[in-house]
Amino acid sequence: MLAASLRDVNTLVGTFTSPHLVRYNERIAIDGVAADDAAIIAAFEWLEAVRADTPLTYFEASTLAALRVFEQANVDAVILEVGLGGRLDAVNAVHADAMLITSIDLDHKDWLGDTRELIGLEKAGILRPNRPAVFAGLDMPDSIDTYAAANDVPLWVAGRDYQLDVASSGKWRYRSAAVELVDLPPLGLAGRHQLSNAAGVIALLQRLQRLPSDIGQRLAALTVTGRFHEVGRDPTWVLDVAHNPAAAEALAAALTSRPVPGKTRALVGLLATKDLDGTIHAVAPAIDEWYAVGGESAASVPALTLASRIAAATTSPCGWFDTVAEAVEVLQRDACSGERVVVFGSFTVVGPALRALGL
């Protein structure tokens, strides 16, 4: 959303995100186009030449290579997604001009802590004194507010410093003390959480004095691969990288808000480090039929094991497949007109599904 809002004829925007779905190049993009092999290889060759005997993790090297690509391309703005937590993440080596935290929920608990307050404190580590920041989610942990106050961070909070109102038509309104935007068109991205994200983006751009006059149209036109990504029309396929309970709940809400006449079939694969039961329970109300698959990762839950967990959690039979390609082939053949197939969970499931569907 930030990238789409900042791009214009005078602004070249680089984005660094993770993980990727199909190709590593997706992580490093300029004006929405993935960097080519030559640019990335040149960046890693430069990095190898200058690092001497300094050891780097995979993600540290990726971050530095992305920054090198952006430097060589002479971009005007850089948007960096913090990969894990915040305080100790490699991206946090950059002293950003502005910071946005979208929401806080329980994930990566072994690394970040097992409460929202502890995780919030880790996320707050990206904040910088005297630089604008926005918290866009609901129910902000007190630890973020406390950290911001102690470190002179001018933090705006959803519901406190700006408001989001949604009409039954899907149109919405953004209000702050200085700006009011009315009759904004429905977003191209599904889910109430995406409206919260959009309002947070507007708040941050307002504070940077970079808010474009056509922000509503830009956000309405935006789609993101793998985020409630609808493919085809009959039957409809939906691909979503929801892999924790909060994301699964958002997915279920989006599915419920867009009913189909037939049943909704789910193909799911998750990593063993995730809250399997919590994720399954969260999306279960929107699913009629289940299938499990192992992802293309050693950390994936084996398909038969996951199928057993789904059957126990939902009291519904659950089929299973050895590979994503096999699952997509069978579901393409068996899904009927009016039905919907939802592929969700790990990036190592959604990415291969995109390949299998020829996307």
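The structure is a predicted model. It holds 6 aromatic pairs, and one of them joins Tyr24 and Tyr58. Helix α13, residues 347-356, is mostly covered.

**Aromatic pair Tyr24 and Tyr58**

- The ring centres of Tyr24 and Tyr58 are 6.5 Å apart and the ring planes stand at 85°, so this pair is edge-to-face, given that planes over 60 degrees apart fall in that class.
- Tyr24 sits in the loop between β1 (13-16) and β2 (28-30), while Tyr58 belongs to helix α3 (residues 58-73), so the pair ties together parts that are 34 residues apart in sequence.
- Tyr24 has a relative accessibility of 17% and counts as buried, because the cut-off for buried is under 20%.
- Tyr58 has a relative accessibility of 52% and counts as exposed, because exposed means over 50%.
- Together with Phe44, Tyr24 and Tyr58 make up one aromatic cluster.

**Helix α13**

- Of the 10 residues in α13, 7 are buried.
- The buried residues are Phe347, Val349, Val350, Gly351, Pro352, Ala353 and Leu354.
- Strands that the buried residues of α13 pack against include β11 (229-231), β12 (236-240), β13 (264-269) and β14 (289-293).
- The buried residues of α13 also pack against helix α12 (324-334) and strand β16 (340-345).
- After α13 comes Gly358, which has a positive phi, near 75°.

Terms used
Residues numbered from 1 in each chain as written. Predicted model: local features only at pLDDT ≥ 70, side-chain atom pairs only at ≥ 80, totals over all residues. Heavy atoms only, no water. Phe/Tyr/Trp six-rings, centres within 6.5 Å; stacked < 30°, edge-to-face > 60°. Helix = DSSP H or I, 4+ residues; strand = E, 2+ residues; numbered from the N terminus. Buried < 20%, exposed > 50% of the residue type's maximum accessible area, 1.4 Å probe, protein only. Contact = heavy atoms within 4.5 Å.
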